[in-house]
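Dear colleague,

Please find below the structure that I am handing over to you. My notes on what was found in it follow directly after.

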Amino acid sequence: MPPRNKVFDLPQEVREELNEKLVSSGFQGYEALAGWLGERGYNVSKSSVHRYGQDLQEEFEEAMGDVRKTTELARAMASDGEDESGHLIDATARIVQDQLLRISIAMRKAEEDPAKAAKQLGSVTKALADIGRVSLSQKKWAKELRVEVAREAAEKAETSMATQGMSREAIDAIKRDILGIA
C-alpha cells in the first residue's frame, strides 16, 4: 500500500483552501499550488498535489453528476403534477442515503484516528436515521391523505346516490368499496 499523501497531513483549513483553489483553477496549476503551500511552510511536492487534485476532481465531477441527476429527477417529478404519493421525497432520500454511505466509506479509508472516525460515523448514522424518519412520516401522511380523500368521496357519493333514490343497501355497499372496507 502506498504511503499516505502528504496533503492529508495538512491542517483542515489549509486543505479546504487548497480544495477551493483546485476547483476554481479547473484542477490545473499544480506547480503553483505546491509553491503556495511551500510559502506557508508546508513541504508538499507537485506530484502529491497533483495526485490529490486528480482524486478531488473525480469526486467533484461525480458529485456534480449526481446533482444534475437529482435536479432532472425533481423536474420530471414536478412536471407530473403534485407529488401526493411522495415519490420525490423517496427518491431524494435514496440519493442522500447513497451519498452518506459513500461518505462513511471514504471516512473509514481516510481517517487514521479511530475516535475521530467513530464520531464522524456517528454523525452519518444520525443523518441516515433522520432521513428514515422523514420518509416514514411522509408515507404516514400520504396514507392519511388517501383515507381522508376516500372518506370525502364516499360522503359525496352517498349524498348523490341518496338524492337519486338508491337503496340504503346499495349505498352502503358502494361506500364500503370506496373506503376499501370488506
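Helices (H or I, at least four residues) and strands (E, at least two) are taken here as DSSP runs, numbered from the N terminus. On that basis, the elements of the protein run α-α-α-α-α-α from the N terminus on, which amounts to six helices and zero strands.

This is a predicted model, in which local features need pLDDT of at least 70 and side-chain atom pairs count only at pLDDT 80 or more, while totals for chains, interfaces and linings use all residues. Residues are numbered from 1 along each chain as its sequence is written, and side-chain values use heavy atoms, with hydrogens and water left out.

Overall figures. Of the 182 residues, 23% count as buried (under 20% relative accessible area; exposed is over 50%, partly exposed in between; 1.4 Å probe, protein chains only). The protein exposes about 12800 Å², of which carbon and sulfur atoms supply 56%; accessible areas come from the Shrake-Rupley method with a 1.4 Å probe, and for residues only the protein chains shown count as cover. Among contacts (heavy atoms within 4.5 Å) between residues at least 6 apart in sequence, 54% join residues at least 24 apart.

Helix α2. This helix spans residues 30-39, and Tyr30, Leu33, Ala34, Trp36 and Leu37 are buried in it. Seen down the axis of α2, these buried residues fall within an arc of 155° (taken from the directions from the helix axis to the C-beta atoms), so they line one face of the helix. Glu31, Ala32 and Glu39 are exposed on the other side of α2. Glycine 41, with a positive phi near 95°, follows the helix.

The structure holds one aromatic pair (ring centres of Phe, Tyr and Trp, the latter by its six-membered ring, within 6.5 Å; planes under 30 degrees apart are stacked, over 60 edge-to-face, the rest tilted). Phenylalanine 8 and tyrosine 52 form this pair, which is edge-to-face, at 5.5 Å centre to centre and 80° between the planes. The pair links distant parts of the chain, 44 residues apart: phenylalanine 8 lies in the segment before α1 and tyrosine 52 in helix α3. Tyrosine 52 is buried, at 7% relative accessibility, whereas phenylalanine 8 is partly exposed, at 29%. Serine 48 also lies in α3 (residues 46-79). This serine is buried at 6% relative accessibility and touches Asn5 and Val7, leaving aside residues up to four places away in sequence.

Yours sincerely
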